[in-house]
Amino acid sequence: MSKNAQVFFDYNATTPLHDKAKTVMLEIMDEPLNPSSIHSFGRKGKSILTEARNKIAKYTGSEGQAIIFTSSGTESNNMALQCLPKVKNIIVSAIEHVSILKSVRHPSVVGVDNNGKINLESLANLIKSFNGEPFLTSIILANNETGIIQDIKQISKIIFANKGYLHTDASQALGKIPFNFNDLGADMATISAHKLGGPKGIAALIVKNGLPIEPFIKGGGQEKFLRAGTENLTGIVGFAAAIEESVLNLDEYKKHVSSLRKYLKDGIKEISDTVFFSDIKDGLLNTINFAIPNHQTETMLINFDLAGIAVSSGSACSSGRVNISHVLQAMNVPDDIAKCAIRISLGWNNTKQEAERFLEVLRKITN
């Protein structure tokens with residue numbers, strides 16, 4: 001491939017728009033469709049909204065449950081942690097997305113082991129400290145930085161045995177691993193369109209039917225009176241199309257990204273002594289999080305960007321600086337190693353030629 005060609009290896013941050021999602025969005029974009037209106041345009045909008053919601057329910061295994069559309073995964077996460085009125089005790093894991101960690105003031109935090117898996121004994125001890133009071137636990141299904149996947153079904157057994165509620169942030173999981181909400185064991189799940197080929201600005205919170213939640217945004221009666229505001233119909237139909245496309249092509253996707261992942265990981269190992277932070281047996285097939293000691297993240301990212309390759313630190317950026325990942329710190333990774341972390345996250349459009357280009361650039365900047 002041309003040395004001037006751009007390479008995008010940051011699919012966990014966002015994704016290109018699937019062609020089918022773009023097509024269905026363009027089909028209705030110019031029409032004045034407000035699903036709350038009673039005239040013919042409104043009725044058409046409501047029909048399109050219902051069809052999209054049913055499609056999402058079908059392909060997420062959430063038939064019979066409420067799908068509440070929101071503006072982002074961040075909003076869905078905030079809604080999940082703030083909408084249960086009688087819950088004062090909240091448990092989050094140390095490796096959650098910042099939209100979970102910052103949405104409540106004083107949560108109880110459960111740690112993880114060196115492999116990024118939830119410490120179930122610590123979770124059980126935290127629950128005991130509540131002395132039978134209602135509690136909510138939020139555990140990320142697939143971590144956005146390392147790709148590590150949690151056993152939500154096993155965790156749910158501990159939560160429900162103690163009469164608690166469970167939310168999972170599934171933003172990184174849907175479209176990358178098999179996902180069925182009704183079999184998962186959670187009370188609520190966050191899903192996000194732009195993580196799987198849909199448009200930005202649309203996400204959803206799946207809520208188990210009958211869960212006693214309160215409105216998050218008050219106003220009109222949209223979204224079962226739980227999230228007021230005219231629905232982003234164009235985004236919603238794109239969301240539904242992207243989910244359908246991702247789920248129907250999941251096997252092909254997994255085969256493609258796992259092949260590229262192996263090629264890249266083998267190549268990285270050959271170049272230098274490398275520390276890897278994710279295990280393919282318990283992680284997303286598209287994600288590699290690694291560090292080459294003595295090669296700091298910020299310098300690596302700049303050099304990759306100058307070469308036209310987009311990768312990530314996997315951690316939050318502030319004022320142009322790359323911070324040490326709270327996820328890696330929770331996994332007891334020493335700071336001098338964590339400050340060298342690089343995340344590659346692959347997608348359906350990536351090629352072996354792009355992987356070769358990445359390895360070529362890596363050799364140059366680590367010599």
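**Sheet and helix packing**

I began with strand β3 (residues 89-93), which runs parallel to strand β5 (residues 135-138) and is joined to β5 by 4 bridges. I91 has T137 of β5 as its bridge partner. This is a predicted model: local features need pLDDT of at least 70, side-chain atom pairs count only at pLDDT 80 or more, and totals for chains, interfaces and linings use all residues. Residues are numbered from 1 along each chain as its sequence is written, and side-chain values use heavy atoms, with hydrogens and water left out.

Next I traced the whole sheet. It is open, with 7 strands in the order β2-β8-β7-β6-β5-β3-β4 and mixed pairing. Strands (E, at least two residues) and helices (H or I, at least four) are DSSP runs, numbered from the N terminus. Pairing takes at least two DSSP bridges between two strands. I found β2 (66-70) and β4 (108-110) at the edges, each pairing on one side only. From one strand to the next, the twist averages 20°.

Then I turned to the helices. Helix α6 (residues 152-161) lies across β5 and β6 (165-169), at about 155° to β6. Angles run from 0 to 180 degrees between N-to-C directions, with axes fitted to C-alpha atoms, for helices over the stretch in contact. Contact means heavy atoms within 4.5 Å. Helix α8 (residues 233-248) packs on the sheet and touches β2, β7 (188-192) and β8 (203-207).

Last, I checked helix α9 (residues 250-271) against helix α13 (residues 352-366). They pack at about 20°, with axes 10 Å apart. That makes α9 roughly parallel to α13 (angles under 35 degrees count as such).

Key:
Angles under 35 degrees count as roughly parallel, over 145 as roughly antiparallel, 65 to 115 as roughly perpendicular and the rest as oblique.
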